[in-house]
Amino acid sequence: MKTNNSKEKVRQLQNKLYLTAKKCSQRRFHALFDKACREDILWEAWKRVKANGGSSGIDGIHIGDIEMRGIEEYLLKVQKDLMQGNYKPSPVKRVMIPKPDGSQRPLGVPTIRDRIVQMATKIAIEPVFEADFKDCSYGFRPKRSAKQALEVVRKACNNKGYYVVDADIEKFFDNVNQEKLMVLVEQRISDRRILKLIRQWLKAGIMYGNVLEIEEVGTSQGSVISPLLANIYLNTLDTLWEKYGVPHGKLVRYADDSVIICKNKKSANHALNLLRYIMMKLDLKLHPDKTKIVGLWDGKEGFDFLGMHNRRFSKIRKNGRPYGELYQYPSKKAMKKIKSDVRENINQRFLLVKSEEDIIKLMNPKIRGWRNYYQTRNDGKWMRALDWYILCTFARWCSKKHQRSRRLTRITETRRRLNQKGLLRMAA
């Protein structure tokens with residue numbers, strides 16, 4: 001199997017498809033299945049699936065099992081099954097992920113084989129739809145990120161954006177209308193074999209223990225192809241908003257999370273009504289409790305978006321005139337999740353046998369990741385609070401390790417020692 005320069009070949013293919021789709025918004029692509037079956041595409045799909053990691057599906061086969069068996073042999077078998085029409089996806093394994101509020105989020109885990117085929121298909125069709133996606137969409141798209149979405153929100157709120165429609169779609173992935181989704185896909189794709197693959201994934205079903213359930217609506221949250229399908233479905237929202245909603249406010253969407261920044265309460269009410277109308281056309285509903293209009297003018301209210309709390313604070317210019325500026329810092333839910341992760345990775349009884357160097361080595365990549373995401377121009381107070389929490393958790397771990405009765409003794413000594421050994425800090 002050809003493995004050399006697979007990443008570069010994929011980039012060239014995607015660039016060509018994107019430019020072709022961009023030239024003609026009405027063009028439908030009929031020869032994409034052969035591209036998804038190409039050796040270099042399958043190899044690149046395997047590399048991406050491996051990089052993402054994850055557990056096994058219902059067949060129990062892990063990434064390591066495929067490596068032991070032989071990657072090239074495995075991918076050739078997948079390619080053969082696709083080309084001969086013998087490929088049939090397996091049901092996804094249902095896994096329940098606990099949420100901070102005590103509820104659980106259902107997650108579907110496909111088999112490694114299905115993940116590879118979905119990734120190869122995504123590589124082939126994503127550039128076609130990328131040509132149609134709007135600038136207001138930031139979720140799960142190439143060269144776009146949550147940080148970019150947050151920066152757009154910050155600038156819009158600072159530019160007389162005094163009211164925000166904080167929108168939450170109720171159980172989005174469970175309520176996607178599969179027939180409407182396929183109509184949207186068919187507007188750009190006419191390759192019958194690609195369309196058949198997508199229909200098979202939608203109808204593959206969910207395995208609850210030994211019970212198989214076939215859903216007539218929804219798409220599995222956790223599948224490789226799901227974020228792209230979600231963007232295709234919600235691109236209708238972006239398109240209609242660009243046509244009718246721009247006078248009312250600025251839409252910023254990250255997958256199924258959306259906010260609309262408006263200049264006054266009247267515009268916010270119009271924006272919310274238009275959003276409800278568009279959701280009705282998509283057979284979706286806004287969550288009645290979580291969807292609300294937030295007034296930023298007086299700084300008494302704020303909203304959470306992508307793990308950040310956004311709130312307007314009053315400041316004084318050098319000439320003595322007051323002005324408002326939007327602050328972005330980790331939300332209460334994010335702070336709670338970070339602290340929980342800190343406890344799990346430091347203050348556990350089974351970790352008492354580890355050395356400080358081992359714990360620091362474990363924590364530094366996590367701290368670096370949190371800092372890279374949550375670091376903003378107004379983050380100092382909250383980052384220092386997290387540094388203090390990490391230090392106190394280390395101090396408790398040290399006290400347990402050395403069997404001291406007072407858990408926060410010698411905290412200054414602990415700080416000095418951790419700094420010498422290279423523990424990273426959240427605050428700049």
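**Note on the predicted model**

Phe394 is buried, and Trp397 is buried too; buried means under 20% relative accessible area, exposed over 50%, and partly exposed in between (1.4 Å probe, protein chains only). The model is a predicted one, in which local features need pLDDT of at least 70, side-chain atom pairs count only at pLDDT 80 or more, and totals for chains, interfaces and linings use all residues. Residues are numbered from 1 along each chain as its sequence is written, and side-chain values use heavy atoms, with hydrogens and water left out.

1. Phe394 and Trp397 sit three residues apart in helix H15 (residues 380-401), so about one helical turn separates them. Helices (H or I, at least four residues) and strands (E, at least two) are DSSP runs, numbered from the N terminus. The protein chain has 16 helices and eleven strands.

2. The structure holds eight aromatic pairs. Rings of Phe, Tyr and Trp (its six-membered ring) pair if their centres lie within 6.5 Å; planes under 30 degrees apart count as stacked, over 60 as edge-to-face and the rest as tilted. In one of the pairs, the ring centres of Phe140 and Tyr254 are 5.7 Å apart and the planes stand at 50°, so this pair is tilted. Phe140 lies in the loop between helix H6 (112-130) and helix H7 (146-158), while Tyr254 belongs to strand S6 (residues 250-254); the pair links parts of the chain 114 residues apart. Phe140 counts as partly exposed because its relative accessibility is 48%. Tyr254, with a relative accessible area of 17%, is buried.

3. For Phe394 and Trp397, the ring centres are 6.3 Å apart and the planes are at 90°, so the pair is edge-to-face. Elsewhere, Phe172, Phe173 and Tyr233 form one aromatic cluster.

4. Two backbone angles deserve a look. Most residues other than glycine have a negative phi. Lys171 has a positive phi, near 45°, and is placed in the loop between strand S3 (163-168) and helix H8 (172-175). Its relative accessible area is 59%, so Lys171 is exposed. Asp283 also has a positive phi, near 60°; its place is the loop between helix H12 (265-281) and strand S8 (292-295). With a relative accessible area of 39%, Asp283 is partly exposed.

5. Ile316 is in strand S10 (residues 308-316) and is exposed, at a relative accessible area of 59%. Apart from neighbours within four places in sequence, Ile316 is in contact (heavy atoms within 4.5 Å) with Arg321, Pro322 and Tyr323. The C-alpha atoms of Ile316 and Leu13 are separated by 53 Å, and these residues are 303 apart along the chain.

6. On the overall form, a compact globule of 428 residues would have a radius of gyration near 22 Å, and the 25 Å of the protein chain agrees with this. That radius is taken over C-alpha atoms, and the globule rule is 2.2 Å times the number of residues to the power 0.38. The C-alpha trace spans about 70 × 60 × 45 Å along its principal axes. Of the 428 residues, 50% are buried. Among contacts with a separation of 6 or more, 70% join residues 24 or more positions apart.

7. On charge, the protein chain has 86 positive and 46 negative side chains, and the centres of the two sets are 6 Å apart. Lys and Arg count as positive and Asp and Glu as negative, leaving out His and the chain ends.

Definitions and conventions
Charge placed at Lys NZ, Arg CZ, Asp CG, Glu CD.
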